[in-house]
Structure formats: structure tokens, C-alpha cells
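Dear colleague,

I am handing over the structure below, and I would be glad if you could read the notes that follow it with the coordinates open beside you.

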Amino acid sequence: MMQSIVIALLFLQAVPYAVPGEDAVDPYTPSAANAGASPFAGEGMAKAFHGQDGIRRIIDRTLTAAYADPVIGEIFEGHDKVRLSRTLFEQFCYLLDAGCAYSGRDMIAAHKDLGVQRGDMNRLVVLLQQAMRAERVPFQAQNRLLSKLAPMNHDVVQK
Ligand code: HEM
């Protein structure tokens, strides 16, 4: 009896590769290292981004623009926006030390079949900059985040 309750509870628990409302992805091992960089220290960056609410607005605005974009929109087409919104929010929130853990895949696994080129990366950065400006994130804080993301180029852009 006890055993079957435990098994039922295990199944009820959402695993990060099969979250209700999202398309399932191939199983992987969640790890903070999957976020691709270490977080900023202190509360300065989280404050500059207006906490989790501000980060949420920036991610939503960036992804809405990316899916509708004439240049990079087709790369996003057909990919689960619900999961991407969640995992990208978690990643930014984690890196900005705004109180989240990252449960998504590493950057190589997430982008391996997408054929992303350098120009696509530049375009996404422009959309992210527009979203950060709309949120009135101070310019210096914007650039600190972009510098943290820049080395991920190697894992995202197809060689
Ligand atoms: C430093 C830059 C980037 C970061 C930090 C980043 C971050 C992420 C994250 C966290 C995920 C979700 C991982 C998961 O589902 O477990 C993801 C997936 C994805 N990214 Fe990026 N990304 C970057 C650049 C790009 C670029 C330049 C493009 C295209 C123009 C792109 C297109 C996508 C797409 C389409 C997915 C969904 C893949 C799928 O559904 O399997 N990403 N990215």
C-alpha cells in the first residue's frame, strides 16, 4: 500500500523534461552548470532588472519579437514557446541571482539541430536589447548581462 502511494507520488512529480502543458523533450540530467555561466553576486543585477517580474517581462517581449521576426522567426517556428519561456526565464533569473534554479538543458543540447548562424545571434541580441531598454534596465547592467551571455556563442552558433 505504502509502496504504491510512493510510486504514484513519484509519477505526479513533474520532471523537467515532461512538464504539464509543455512538449516532452528527451531525458537529460538537470544541473546548474547547464545554465552556461555562473551567477552574478549580490542583489545589484536583480534590482537593475526589476526582479523576477522585470525578467519575466523582458523574456516575454524578447520571445514574442523573436517568434514574429522576419529574420530569425523561422528558427523558432514549431518549437515549444511555453517551455522556452519557462527555461529562458529560469536561466536569466538564475544568472541575475534573482532567486531561481535553472532546470533546462545545456546550451549545446538545446541548440544542436537549429543551424543558428552568427547573424541570427546578433539579431536575437538586438531584440533582447530592445526588451531591456523597454524595461528601463540601466545600460551598464544590460551590458554586464550581454557579456555573461557572449561566451555561449560557441555552444549556440553552428560551426
Ligand atoms: C547566448 C544566447 C542564447 C541563450 C542563453 C539561449 C538560451 C536557451 C535556452 C535556455 C533554451 C531552452 C533549453 C531547454 O529547453 O531545456 C533555448 C532553446 C532554444 N533556443 Fe536559445 N539561446 C541563445 C541563443 C539562441 C539563438 C541565437 C537562437 C536563434 C536565433 C535560439 C533559438 C532557440 C530555439 C529555437 C530553442 C528551442 C529548442 C527546442 O525546442 O528544442 N537561441 N535557448
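Predicted model: local features only at pLDDT ≥ 70, side-chain atom pairs only at ≥ 80, totals over all residues.

Leaving aside its neighbours within four places in sequence, Asp23 is in contact with Asp80 and Arg83. Its separation from His50 is 27 residues in sequence, while the distance in space, from C-alpha to C-alpha, is 30 Å.

The loop between α1 and α2 also holds Pro16, which counts as buried because 21 C-beta neighbours lie inside 10 Å of it, and the cut-off for a buried residue is 20 or more. Once residues up to four places away in sequence are set aside, Pro16 touches Pro30, Ser103 and Gly104. Between Pro16 and Gly104 there are 88 residues of separation along the chain, yet their C-alpha atoms are separated by 6.9 Å.

Next, the helix packing, where α3 has two partners to describe.

The axes of α3 (residues 51–68) and α7 come within 9 Å and cross at roughly 140 degrees. The two helices are therefore oblique to each other, and the crossing in which α3 passes α7 is right-handed. On the α3 side the contact is made by Ile58, Arg61, Thr62, Ala65 and Ala66, and on the α7 side by Leu124, Leu127, Leu128, Gln130, Ala131, Met132 and Ala134. These residues divide into nine nonpolar, two polar and one charged.

With α5, α3 packs at an angle of about 135 degrees, the axes being 10 Å apart, which makes α3 oblique to α5 as well. Here too α3 passes its partner in a right-handed crossing. The residues of α3 that take part are Gln52, Ile55, Arg56, Ile59, Asp60, Leu63 and Tyr67, and they meet Lys81, Leu84, Ser85, Leu88, Phe89, Phe92 and Cys93 in α5. By class, this contact has nine nonpolar, two polar and three charged residues.

Ala46 has its place in helix α2 and counts as buried, because it has 21 C-beta neighbours inside 10 Å. Apart from its neighbours within four places in sequence, Ala46 is in contact with Gly51, Leu96, Asp97 and Ala98.

One of those contacts, Asp97, deserves a look at its backbone. Most residues other than glycine have a negative phi. The phi of Asp97, in contrast, is positive, near 60 degrees, in a residue other than glycine. Asp97 is found in the loop between α5 and α6, and it counts as partly exposed because it has 16 C-beta neighbours inside 10 Å.

Arg136 likewise has a positive phi, of about 60 degrees, although it is not a glycine. Its position is in the loop between α7 and α8 (139–149), and Arg136 is exposed, because 9 other C-beta atoms lie within 10 Å and the cut-off for an exposed residue is 12 or fewer.

Notes: Residues numbered from 1 in each chain as written. Axes fitted to C-alpha atoms, helices over the stretch in contact; angles between N-to-C directions. Helix = DSSP H or I, 4+ residues; strand = E, 2+ residues; numbered from the N terminus. Parallel < 35°, antiparallel > 145°, perpendicular 65-115°, else oblique. Left-handed = near helix turned anticlockwise from the far one by under 90°. Contact = placed C-beta atoms within 7 Å. Nonpolar A, V, L, I, M, F, W, Y, C, P; charged D, E, K, R; others polar.
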